[in-house]
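These are my notebook entries on one structure. I record what I looked up, entry by entry.

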Amino acid sequence: MGNLYLGLDSSTQSLSAVLVDLELRRVVYSASLNYASALPHYGTQDGVLRGEDPTVIHAPPLMWVEALDVLFQQMVEVGVPMAEIRAVSGSGQQHGSVYLNPSAKDALAQLDPAHSLVENLAGVFSRRTAPIWMDSSTPRECREITDALAPHGGVLNLTGSAATERFTGPQIRKFRREDPDGYAATSHIALVSSFLCSLLSGRIAPIDPGDGAGMNLMDIRRKDWCPSALDATAPGLREKLPTIAPSGTVVGPIHPYFVRRYGLSESAQSVIWSGDNPCSVVGLGLVRPGLVAISMGTSYTYFGTMDDCRVDPRGEGHVFGSPAGGYMTLNCFKNGGLARARMRDRFQLDWAGFAAAIESTPPGNRGRLMLPWFDTEIVPRVLVPGERRLDLSEDDMAGNCRAVVEGQMMAMRVHADWMGDRPSIVFATGGASEDRSVLQVMADVFNCPAQPFAISKSAALGAALIAAEAWHRHARRPVSWSEIVAGFTDSDSARRVLPRAGAAAEYERLLPRYAQFEADELARRA
Ligand code: XUL
C-alpha cells in the first residue's frame, strides 16, 4: 500500500482535494470543483444563497454532499490510485451549521452504494439551508449571549472570542427564536466540517477544538463544551451537539459506500475534520508556537500560534485550537485585498504601477496616513464604512498607494500585540505576497524578515497532512509535526525580504501616531 493521504476542503465556493505522498514528499494530485459552475441546479451565486435581507447568507448542504460524489468520481476517472489512500481528513469553511433530524443517524450508517449520496441523504435535514460565515444577521443574539454570560466570566474569556454574528452559537439561537418547531425537530447540529466527516465515517462525527472554537460554545481552555455558553444559547442544545474530540482523532474506517463506489481501501481511515483556518495553519507549516503567517487574499488574515491561551482584550481577534497542538490566533482584516485593489483601480494602475508608486515614496510616507475602511471592518470593528486620511490629499497617487499598504501593515502589528512575543519572521501568502514592495513594508513594519510561500490550497494541504499525522499516531508509529510538514511547507528563502534599519526605526516612531489616529477615528464613529 502506498503512503498517500487525502485532504478535502469544503470552502465557500468550491470543494478541493489535495493528495500527498508522504514518501515522495510531494502533492501528487490536486483538483477543485466550483459549486456555482459544476452544480448550477442549487441556484447559488459563488456557492451562497442570498435573500432580501443582505445580512442573511446561507448555502444548501445537499450541494456540499453532491460535490463529494462528483469529486470522488473525477478522481477515479483520472486514475488516482484510490486503494492506496491510507487516511482522509478535511477542512470546512468555519462557523456554518447543518441541522439534521433523527433519521440522519441511520441514513449515515446505511449509505447505499447503489444510490448517490444525495439520494441517500435528501431526507435527513431539519433545516433546508445552512447559515454560513458570511451571515451577519445575529446582532440581537450576540447581545443576549454577551449579557447572559457576563456573570459567568464573559463570553470572550470563556470561549476565546467575543459573541460574533457569524459564529454558530448566535446562529443557533436565532434559528430557535425564528423557528422553534424546526429547532425541536433537530436532533443533531453539525458544523460544515463535522457534517462532511460524518458522511465519510457513516456516523455523526465529533467536532475538533479548531473548528469548535468558532461557535462561542466551547470552553477554550478545557477544549470541551462550555455549559454556561450552551445554556445562554438555546435549551436542550447539549443533546443536539456531537462530542468534541482532539484534532487528528481517527473516527473509524471509511464507510463501505466509498469503498464500493470509488475503490477506497477497507482499511482507509476517516480522520476528524477541522476548520479551514486551523487547517491552513498546518498547511503553512505553523506547527511551533511563535510562528506567524499573513495571508493576503480578498481579506487579509493574520495567523499566529501559541502554547498558552491568551484572548484579545479588545474582543476583535479570535483564538482557536491548533490541530498541531496548543492554540492559534486569527485576526481578520476584511478590507485587505479589496482596499489595495480599490486604490489601484482609482488611479488606473496595474500592479506593477502600484508597486512603482510605492517605491517612489519614502518609508513612513512623511507621516501621511490612511485608514482604508472602504467597507465595514472586522479588525478593528468598524460598522460605519468610509476611508479616512491624515495629512494626505485624495489626489496624491503615490502617497495613497503607500498609505494603504502601510496602514494595513501597521494595523496588523498594532492589533497583534495581545498575541504576545513579536514575530522573528513573518511568512506571507496570497496574491499580494507576490509584490516585493508590499513585502518590504511588511518586513520594515514588523522589523523582521518577510518570507513568501508558494503554497496554494493551504487548507486542503493542511487537512492531508493532518490525515498523515493521525494515521501514523493511530498505527503507533507517531511522527513529529515538523517531520510531517517538511518538504511540503518550505517557504521560498530566495525571495525573503529583510528589514532595513532606517525604515524600521521610522515605523517605530510612526506606530503611536497611527494607533492614535485609529483610536480617534473609532471614537468619532462610536
Ligand atoms: C474565519 C472566517 C472565514 C471562514 C472562511 O473566522 O469566518 O475565514 O472560515 O471560510
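**Entry 1: helices α5 and α7**

I looked up how α5 and α7 are oriented, and they are roughly perpendicular to each other (angles under 35 degrees count as roughly parallel, over 145 as roughly antiparallel, 65 to 115 as roughly perpendicular and the rest as oblique). The axes of α5 (residues 139-149) and α7 (residues 168-178) cross at roughly 110 degrees and come within 9 Å. Axes are lines fitted to C-alpha atoms, for helices over the stretch in contact, and angles run from 0 to 180 degrees between N-to-C directions. Helices (H or I, at least four residues) are DSSP runs, numbered from the N terminus.

I note that this is a predicted model, in which local features need pLDDT of at least 70 and side-chain atom pairs count only at pLDDT 80 or more, while totals for chains, interfaces and linings use all residues. Residues are numbered from 1 along each chain as its sequence is written, and side-chain values use heavy atoms, with hydrogens and water left out.

I then listed the contact (heavy atoms within 4.5 Å): Arg-140, Glu-141, Cys-142, Glu-144 and Ile-145 of α5 meet Gly-169, Pro-170, Arg-173, Lys-174 and Arg-177 of α7. These residues divide into 3 nonpolar, 1 polar and 6 charged. Ala, Val, Leu, Ile, Met, Phe, Trp, Tyr, Cys and Pro count as nonpolar, Asp, Glu, Lys and Arg as charged, and the others, Gly among them, as polar.

**Entry 2: the ligand**

Which residues surround the ligand? I found Gln-93, Gln-94, His-95, Trp-133, Arg-166, Asp-276 and Asn-277, each with a heavy atom within 4 Å of the ligand. By class, this shell has 1 nonpolar, 4 polar and 2 charged residues.

I looked up polar contacts (pairs of N or O atoms within 3.5 Å). A ligand oxygen atom is 2.7 Å from a side-chain N or O atom of His-95. For Arg-166 the corresponding distance is 2.8 Å, and for Asn-277 it is 3.0 Å. The protein covers 91% of the 290 Å² of accessible area that the ligand has on its own (Shrake-Rupley method, 1.4 Å probe).

**Entry 3: helix α17 and its partners**

I found that α15 (residues 336-346) and α17 (residues 397-414) pack at about 170 degrees, with axes 9 Å apart. That makes α15 roughly antiparallel to α17.

I recorded that the axes of α16 (residues 351-359) and α17 come within 8 Å and cross at roughly 95 degrees. Therefore α16 and α17 are roughly perpendicular to each other. Their contact has 7 nonpolar, no polar and 1 charged residues.

Terms used
Helices (H or I, at least four residues) and strands (E, at least two) are DSSP runs, numbered from the N terminus. A polar contact is a pair of N or O atoms within 3.5 Å; within protein, one must be able to donate a hydrogen and the other to accept it, and residues adjacent in sequence count only if both atoms are side-chain atoms.
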